[in-house]
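I opened my notebook to look up a few things in this structure. Here is what I wrote down.

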Amino acid sequence: QLTELLTAARAARVTIKPPPARATRRFVVEWPVIIGTPCGAIKAEALDVSATGLFVRPNVALDPGALVNFSVVLDDTGPPVAGRARVVRKIDDHDAEAAGLAAGYGCSIREMTAYDRERWLEFIVRIERRAEKRVLVGASPERFTELQTALAGAGYAVTGGADPGALAQLANADTRPVDA
């Protein structure tokens, strides 16, 4: 099906711009971040994370090229990790819509204490493990949306729904059994 879709796109002269090359594997999350700018602290959400950076959607614009401080509360009950990052790219609303991506800013981590760096890398490993899990959720539509949002935000791959027949098909759709 993908081959047919790409062939049709090529025949229609549709070009698909690939994302920039990545130095490390990124993991999709929805994780709260505080970014320190010259104008003060702002709230943001990390939409993906890696060992060397994060892609954030702040509630105000960032300046590409700027050095910013950041602070993230991890899932390990320790204090927030902090560091400095350079804003290395911006995806505006127009480009995001055209590429099927989220708008935001790519930030490359430049400085962290050794302790925070170790905790950050352990966090990335935990997120990677979650991304490898196959989670199937059966719930009412409202509850399913709530559970899917929370689990996906923590890095899990989630499918499911409210219909028992559809759940049975989803459970058997993959050769790998459901993890949870």
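My entries follow, and I note that the model is predicted.

**Core.** I looked for the largest nonpolar core and found 28 residues in it. V49, V56 and W120 have the most contacts inside this core. Strands β1 to β6 and helix α3 each supply at least two of its residues. I checked which element gives the most, and it is β1, with five residues.

**V56.** I then listed contacts of V56, leaving out neighbours within four places in sequence. Among them are I35, A44, E45, L62 and Y105.

**Salt bridges.** I counted eight salt bridges. E45 and R57 form one of them, at 2.6 Å from N to O. E45 sits in β2 and R57 in β3, so this pair ties together parts 12 residues apart in sequence. E45 is partly exposed at 22% relative accessible area, and R57 is partly exposed at 39%.

Next I looked at D76 and R119, whose side chains meet at 2.8 Å, N to O. D76 is in the loop between β4 and β5, R119 is in helix α3, and 43 residues separate them. Is R119 buried or exposed? R119 is buried, with a relative accessible area of 5%. D76 is partly exposed at 24%.

I also noted a network of salt bridges that links D75, R126 and R130.

**Surface.** I found a nonpolar surface patch of about 320 Å², made by L2, L5 and L6. L2 lies in helix α1 and is exposed at 58% relative accessible area.

**Helix α4.** I traced residues 141-153, and this helix reaches 18 Å from its first C-alpha to its last. Just after α4, G155 has a positive phi of about 105°.

Technical notes:
Residues numbered from 1 in each chain as written. Predicted model: local features only at pLDDT ≥ 70, side-chain atom pairs only at ≥ 80, totals over all residues. Heavy atoms only, no water. Patch = residues over 30% accessible without salt bridge, like charges linked within 9 Å, V, L, I, M, F, W, Y side chains within 5 Å. Areas by Shrake-Rupley, 256 points an atom, 1.4 Å probe, with all protein chains shown as cover. Salt bridge = Lys/Arg side-chain N within 4 Å of Asp/Glu carboxyl O. Helix = DSSP H or I, 4+ residues; strand = E, 2+ residues; numbered from the N terminus. Buried < 20%, exposed > 50% of the residue type's maximum accessible area, 1.4 Å probe, protein only. Core = buried A, V, L, I, M, F, W, Y, C linked by side-chain atoms within 4.5 Å. Contact = heavy atoms within 4.5 Å. Expected span 1.5 Å × (residues − 1).
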